[in-house]
Amino acid sequence: MTALTLHDFPGGLSLPPNKAQQTAQPISTLALPDRVWVPLLQHRGKLSRPCVKRGDKVGLGSVIGLADGAFSANVHATIAGTVGRIESRVIAHRSGLSAPCVEILADREQAQDFAAPLDTDFRLVDPNILRQRVADAGIVGLGGASFPTALKLTAEADQSLHTLVLNGAECAPYISCDEMLMRERAGDIMRGAQSMLHILQINRCMIALEEDKVLAIDAMQQALEDLSDSRFTLCLVHAKYPEGGERQLIQVLSGKEIPSDGLPVDIGYLCHNVGTAAAVFDLFATGRPLTSRIVTVCGDGVAQPQNVIAPFGTSIQSLLDHAGGLLPGSHRLIVGGPMMGFTVDSTDVPIDKGCNCILVMPEENARQLNDTMPCIRCGECETVCPASLLPQQLYYHARSSHLERLPDFHLFDCIECGCCDYVCPSNLPLTQYFRYAKDELWFRSQQQARSNQARERYEQREQRLLRQQQERDAARAERQQATRDAKQKQSDILAAVARAKARKKGDSS
């Protein structure tokens with residue numbers, strides 16, 4: 001293992017891990033569900049466009065939704081069966097919004113509809129071809145952000161890129177899907193990362209995981225020795241939340257801070273989750289697109305916490321049933337973990353590509369929003385903010401609806417880690433305000449963009465009408481001038497004839 005000088009990032013918290021129960025047993029696989037509702041919004045961009053209709057037969061891996069734009073991604077059938085209804089349903093989204101979902105009723109025989117696996121060494125294949133296969137397979141980042149992976153892999157064009165970072169620093173309490181993946185599929189992660197290095201045309205990969213994940217470290221170290229690839233470096237980072245954040249992790253590894261309005265590639269780094277690397281390996285080895293993921297089902301309200309492989313579109317209720325069901329009492333369902341997750345009100349919500357954890361908290365342990373008190377300006381939130389922001393100022397402007405001031409305080413640098421919430425003595429839901437403000441500003445920006453487009457279309461129409469009127473006026477003036485010229489010519493001819501007649505008459509007299 002190569003010695004590496006680590007750095008630190010501002011703020012952060014040392015949180016007690018709570019992963020022992022769900023990591024005590026291997027990853028399990030969910031039984032084939034009778035039906036799934038596959039959301040057509042499982043990425044950062046526009047909705048995928050449905051390309052199936054009711055009654056169609058689909059195999060596991062058939063394309064049912066086509067990407068619409070660069071930030072969108074293809075959506076595939078996650079079980080084989082018959083397409084049922086296509087309707088809007090509540091999805092796992094922090095805003096509680098609804099989106100079109102494709103119902104698939106399972107067949108007993110699970111036919112596959114995969115692309116052919118690579119029949120040659122990936123190093124002999126053009127990176128552009130591999131990148132297109134990643135896009136076709138609908139692979140997005142499995143760390144939770146759901147950013148299209150193929151789009152991130154286009155960074156090859158930027159000559160400043162030199163390092164791929166594999167993110168296995170799973171710092172949030174309870175969530176352990178990445179840890180279990182590294183323990184059970186370390187070799188596949190490494191081979192997926194090799195493919196990424198080839199696509200990016202770089203020769204350095206840093207694999208970061210926390211020093212307290214002993215079994216995962218052993219597995220990754222063994223895979224590294226088996227692979228014998230000098231381009232890889234295993235980096236053990238301190239267990240500090242939110243070290244799994246892309247910006248924070250790169251700062252720890254490099255000592256460099258990503259610019260406020262910049263991206264990791266601006267300082268030469270590109271970060272992918274270890275689950276994403278495993279998905280890329282699956283694609284090239286078997287042809288399988290992204291149809292399932294590992295989900296941590298945990299919390300004091302679940303009978304048997306564990307990590308489960310589940311197809312997208314499976315209901316949260318199916319995962320809870322697989323984990324032994326809920327314990328007696330009232331509970332709160334959180335998608336995404338205790339720090340960055342959001343509450344959902346129903347167990348009938350389908351999981352998607354960004355859903356890494358279902359946390360069930362007994363109601364008495366969950367935070368009660370009606371216990372909030374006024375901000376006392378203690379500044380605790382500022383000391384733990386990993387982005388060096390002023391959460392109390394952001395809160396003041398967000399709560400006062402002075403949203404136009406928030407970009408001045410770098411609202412969009414907030415990674416919504418929840419550290420400020422955790423330490424706030426007034427129990428203020430600060431992160432909720434920041435999410436609301438971001439959504440509202442984004443909505444206003446979209447509204448403004450649409451308004452600008454409408455104004456441009458109106459101005460272009462007015463200019464076109466004016467130009468057409470000017471062309472008509474010019475043509476009319478030209479015709480009138482031609483008429484006048486013709487009349488003048490006729491008049492000149494008549495005058496000449498008259499003069500000729502007069503001269504002839506004078507000569508004859």
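## Notebook: rings, cavities and cores

I began with F147, which at 25% relative accessibility counts as partly exposed, a class that lies between buried (under 20% relative accessible area) and exposed (over 50%), with a 1.4 Å probe and protein chains only. I note that this is a predicted model, in which local features need pLDDT of at least 70 and side-chain atom pairs count only at pLDDT 80 or more, while totals for chains, interfaces and linings use all residues. Residues are numbered from 1 along each chain as its sequence is written, and side-chain values use heavy atoms, with hydrogens and water left out.

**Aromatic pairs**

I looked up ring pairs, for which rings of Phe, Tyr and Trp (its six-membered ring) must have centres within 6.5 Å, with planes under 30 degrees apart called stacked, over 60 edge-to-face and the rest tilted. The count came to two aromatic pairs. F71 sits in the loop between strand 5 (63-66) and strand 6 (75-76), and F147 in the loop between helix 1 (127-136) and helix 2 (149-152), so I read the pair as a link between distant parts of the chain, 76 residues apart; helices (H or I, at least four residues) and strands (E, at least two) are DSSP runs, numbered from the N terminus. F71 is partly exposed, at 42% relative accessibility.

I then turned to Y395 and Y433, whose ring centres are 5.1 Å apart with planes at 85°, so this pair is edge-to-face. Because Y395 lies in helix 9 and Y433 in helix 11 (residues 430-508), the pair ties together parts that are 38 residues apart in sequence. Is Y395 buried or exposed? Y395 is buried, with a relative accessible area of 8%, and I found Y433 partly exposed at 25%.

**Cavities**

I next searched for cavities, meaning sets of points on a 1 Å grid over the protein atoms alone where a 1.4 Å probe fits but cannot get out, with lining residues having an atom within 4 Å of a point. Of the 16 residues that line the largest cavity, C375, C378, C381, Q392 and C424 are the closest to its centre. Helix 9 gives the most to this lining, with three residues.

The second largest cavity has a volume of about 100 Å³, and of its 15 lining residues the closest to the centre are C385, P391, C414, C417 and C420. Helix 8, helix 9 and helix 10 (419-423) each supply at least two residues of this second lining.

**Nonpolar cores**

I finished with the nonpolar cores, each a set of buried Ala, Val, Leu, Ile, Met, Phe, Trp, Tyr and Cys residues joined through side-chain atoms within 4.5 Å. Which residues touch the most other members of the largest core? Among its 70 residues they are I189 and M220, and helix 3 (residues 177-200) contributes the largest share of this core, 12 residues. Leaving aside neighbours within four places in sequence, I found I189 in contact (heavy atoms within 4.5 Å) with L166, L181, M182, M220, V274, A277 and A278. A second, separate core has 20 residues, including L319, L320, A323 and V360.

Note on methods
1 Å grid on protein atoms, 1.4 Å probe; cavity = no way out; pocket = protein on both sides within 12 Å on 5 of 7 lines; lining within 4 Å. Points joined across faces, edges and corners; volume = space filled by probe spheres on them.
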